[in-house]
Structures are given as structure tokens and as C-alpha cells.
Amino acid sequence: MNIDYHIQVDGRFYSVRHALARRDVEVRLGAATVEVFHKYRRVAAHIRGHGKGGYTTDPGHMPAAYRVHLEWTPSRLVRWARKTGPDTAAFARRLLESRPPPEQGYRSCLGLMRLARAYLAERLEAACRRALGIRAVSYKVREHHPGRRPRPGR
């Protein structure tokens, strides 16, 4: 089970009711379908996707708090980011474009919003400018700083 309400099957992610997060489930893979069972009852069925890393989400599986975010659109998120500055808007656009479909980038953009509440706009704009300069596709980039030893495994 993934940290949200998706399970990983054959390199892709499929949603289940959020109440089943971190519960044991069984999966039946068909040529065209993915069925998920909990305690011998089918709790989800999806059309089987192909290729690694994609998401298949049934909006009915989302927790109520996530459904609120369905009203967000990529253009609305970029418009919000533009209020901070052009580099924040460009970085938000990069986050959305790096995770097709764009909805998968929403969480990262909402993370930018949390940073905007915690830091001055000038600081966030400077951080986004730097992220754009190093071609980052995440706001959690770790890089080696001169004078500081890198942590093992980084």
C-alpha cells in the first residue's frame, strides 16, 4: 500500500477506498483489468494500465479532504503561484508538467503553498529561481554544498 490511497501493482498505482489504506488486500490481474479484494470481497476494479509509474484513480476512493482539491486546475495553481512571482509560477508549471496527468503534481504545488505561508515571498521566489536553474522537478532537492560533507547515500 502506498502512503496515500493507492496500491502499487506491476509498477503502476491503483486507488482503493481511503479507509483501506495500509490494510492487506489481494489483487487479481487480468489482461485488461485489475481487481482488488479485501476479506474476499471485491473493493475496487480498474482498467489495467500499462507502463511504469502511472496512476489510475477513482474519485470515489478519495478522502473528503482530497475531493476539495478537485476544484483546483493547473491554470488556477499557476495563477496562485504568479502572485508570489514569475519564477514561482514557472516552477509550479514545471511541477505540473513533470507528473502526467497534471493532477499528480497538485500535491507538490500545494506544498509550495504551504511554503508560501511559512516564508516570505522573496525567499520562496529566490528558491524557485534556483530550482529552475538546476532543472529540479521537486521542491525537496538535496545537493552537495561546498564545505559540507554529503550524507552517505546522497
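Reader: Which residues have the most contacts inside the largest nonpolar core?

Author: This is a predicted model, where local features need pLDDT of at least 70 and side-chain atom pairs count only at pLDDT 80 or more, while totals for chains, interfaces and linings use all residues. Residues are numbered from 1 along each chain as its sequence is written, and side-chain values use heavy atoms, without hydrogens and water. A nonpolar core is a set of buried (under 20% relative accessible area, 1.4 Å probe, protein chains only) Ala, Val, Leu, Ile, Met, Phe, Trp, Tyr and Cys residues joined through side-chain atoms within 4.5 Å. The largest one here has 19 residues, and those with the most contacts inside it are Leu77, Phe91, Leu96, Cys109, Leu112 and Met113.

Reader: Which helices each supply at least two residues of this core?

Author: Helices here are DSSP runs (H or I, at least four residues), numbered from the N terminus. Those that each supply at least two core residues are H2 (74-84), H3 (86-97), H4 (106-118) and H5 (121-133).

Reader: Are H2 and H4 roughly parallel or roughly antiparallel to each other?

Author: Their axes, lines fitted to C-alpha atoms over the stretch in contact, with angles from 0 to 180 degrees between N-to-C directions, come within 11 Å and cross at roughly 20°. Angles under 35 degrees count as roughly parallel and those over 145 as roughly antiparallel. H2 and H4 are therefore roughly parallel.

Reader: Is Gly60 partly exposed or buried?

Author: Gly60 sits in the loop between strand S6 (55-56) and helix H1 (64-68). Because its relative accessibility is 48%, Gly60 counts as partly exposed.

Notes: Buried < 20%, exposed > 50% of the residue type's maximum accessible area, 1.4 Å probe, protein only. Parallel < 35°, antiparallel > 145°, perpendicular 65-115°, else oblique.
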